[in-house]
Amino acid sequence: MEDLNAEVLVKSEKISQKWKVWVIWAVIALLIIVIMVFHICWYKDYKEGQEYGLDYYSHLEDVEDVDDSYVVDKNDSYADQCKDAFNYLNYFKFHFFNHYYAEGVDRDVRELAHETALKVEEERKELFYEYMKGGGYVRFSSTRIDNWFKYTNFSEYLSGCYVEWGAGEGSILVLIYLLSLFWACCFIASIVFTILVKREAKKELIVNKDSVLCKVNPKKSKQLSFDDISNVEYGKKSLKIIGTGIKFKIRHIINAESIKSIILDKKKEFPYKIEDTRISAADELKNYKELLDNNIISKEEFDAKKKQILGL
């Protein structure tokens, strides 16, 4: 418990670390801005390619092998148009399974339909890939060309872009991925650093005339007498006090060396307690009583010693 009436000799003078916290969080903010700029620019290009690809499907209405349910209708919502285009390219998944993988369908018919569906899907993706490549949109390979219609808004794109490791301009996606990963690591490290800085800022060391107060925070402290302190270690702008039941280290202080000097000087005035080996009056009387009981001394000698010890 802190003695409010104690005479304070010196207090720790802290070096503010707030500027370091501000710098770190400024770097984090800058990184997220850079990442978001990359995302926005990349999504803009993605959206242009998506719209360019939808124009391709406006000419498929009269194609015989196109299921009406997969024809892109310009009157539908933009999301529905992208969904129809996506389903059209994934012919095997959305045609074969929906039409031929039903109970009772002959196995030979199903196997033939399986092969046909895979072939049709491959042909459709190859044709669409050539079309997109002709417009300069080569982000995805022919096997993943349907990804042009996978995301219909920025939030979907942002959440799914990190799995797009396509050909062509895919190196930009790798850069975005690595930047985001680096930002995430920095963000976690910044949180830990901020907590440690705030915790350290609450520490305080107060040297009073007859004791040392080690404050971990406003609610937690330990008061030591000088003879309780066994060692004081001085480092670069830090001080470590080792005492009875405590190891207290405080960092970022200007006057660490002077505090150490004052504590050591005060310890000289308060040396370690030497165990009192003197025998108390009661113990001494007890010893003489044992001598009397063992007939080593007489009753007169015991009474004389008793008077002497008690000062009678």
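Contact means that heavy atoms lie within 4.5 Å. Among contacts in this protein between residues at least 6 apart in sequence, 59% join residues at least 24 apart.

**Before selecting anything**

The structure is a predicted model, in which local features need pLDDT of at least 70 and side-chain atom pairs count only at pLDDT 80 or more, while totals for chains, interfaces and linings use all residues. Residues are numbered from 1 along each chain as its sequence is written, and side-chain values use heavy atoms, with hydrogens and water left out.

**The whole protein**

Display the entire protein as a cartoon. Its secondary structure comes to 9 helices and 7 strands; helices (H or I, at least four residues) and strands (E, at least two) are DSSP runs, numbered from the N terminus. Of the 312 residues, 34% count as buried. Buried means under 20% relative accessible area, exposed over 50%, and partly exposed in between (1.4 Å probe, protein chains only).

Next, colour the model by pLDDT, the predictor's confidence in each residue, from 0 to 100. The mean for the protein is 80, and 80% of its residues reach 70 or more. Select helix α3 (residues 91–99), where confidence is lowest, at a mean of 70, and then strand β2 (residues 204–208), where it is highest, at 91. Two further stretches call for caution. Over residues 165–169 pLDDT stays under 50, and the model has 12 contacts beyond four places in sequence for them. Over residues 272–279 pLDDT also stays under 50, with 7 contacts beyond four places in sequence.

**Helix α1 against helix α4**

Select residues 18–57, which form helix α1, together with residues 107–134, which form helix α4. The two helices pack at an angle of about 130°, and their axes are 10 Å apart. That angle makes α1 oblique to α4. Axes are lines fitted to C-alpha atoms, for helices over the stretch in contact, and angles run from 0 to 180 degrees between N-to-C directions. Angles under 35 degrees count as roughly parallel, over 145 as roughly antiparallel, 65 to 115 as roughly perpendicular and the rest as oblique.

The crossing of α1 past α4 is right-handed. A crossing is left-handed if the near helix is turned anticlockwise from the far one by less than a right angle, and right-handed if clockwise. To see the contact, show the side of α1 formed by Gly49, Tyr52, Gly53, Asp55, Tyr56 and Tyr57, and that of α4 formed by Leu127, Phe128, Tyr131, Met132 and Gly134. These residues divide into 7 nonpolar, 3 polar and 1 charged. Here Ala, Val, Leu, Ile, Met, Phe, Trp, Tyr, Cys and Pro count as nonpolar, Asp, Glu, Lys and Arg as charged, and the others, Gly among them, as polar.

**Helix α1 against helix α2**

From α1, the contact is made by Lys47, Gln50, Glu51, Leu54 and Tyr57; from α2, by Tyr78, Gln81, Cys82, Ala85, Tyr88 and Leu89. The contact of α1 with α2 consists of 7 nonpolar, 2 polar and 2 charged residues.

**Individual residues**

Remain on helix α1 and select Glu48, which is partly exposed, with a relative accessible area of 34%. Its C-alpha atom is separated by 10.0 Å from that of Trp148, 100 residues apart along the chain.

Move to Asn153, in the loop between α4 and α5 (154–160). Asn153 is partly exposed, with a relative accessible area of 29%.

Then find Lys236, in the loop between β5 (229–235) and β6 (238–243). Lys236 is exposed, with a relative accessible area of 78%. A distance of 8.3 Å separates its C-alpha atom from that of His252, 16 residues apart along the chain.

Finish at His252, in the loop between β7 (246–251) and α7 (256–269). His252 is partly exposed, with a relative accessible area of 27%, and has a positive phi of about 60° although it is not a glycine.
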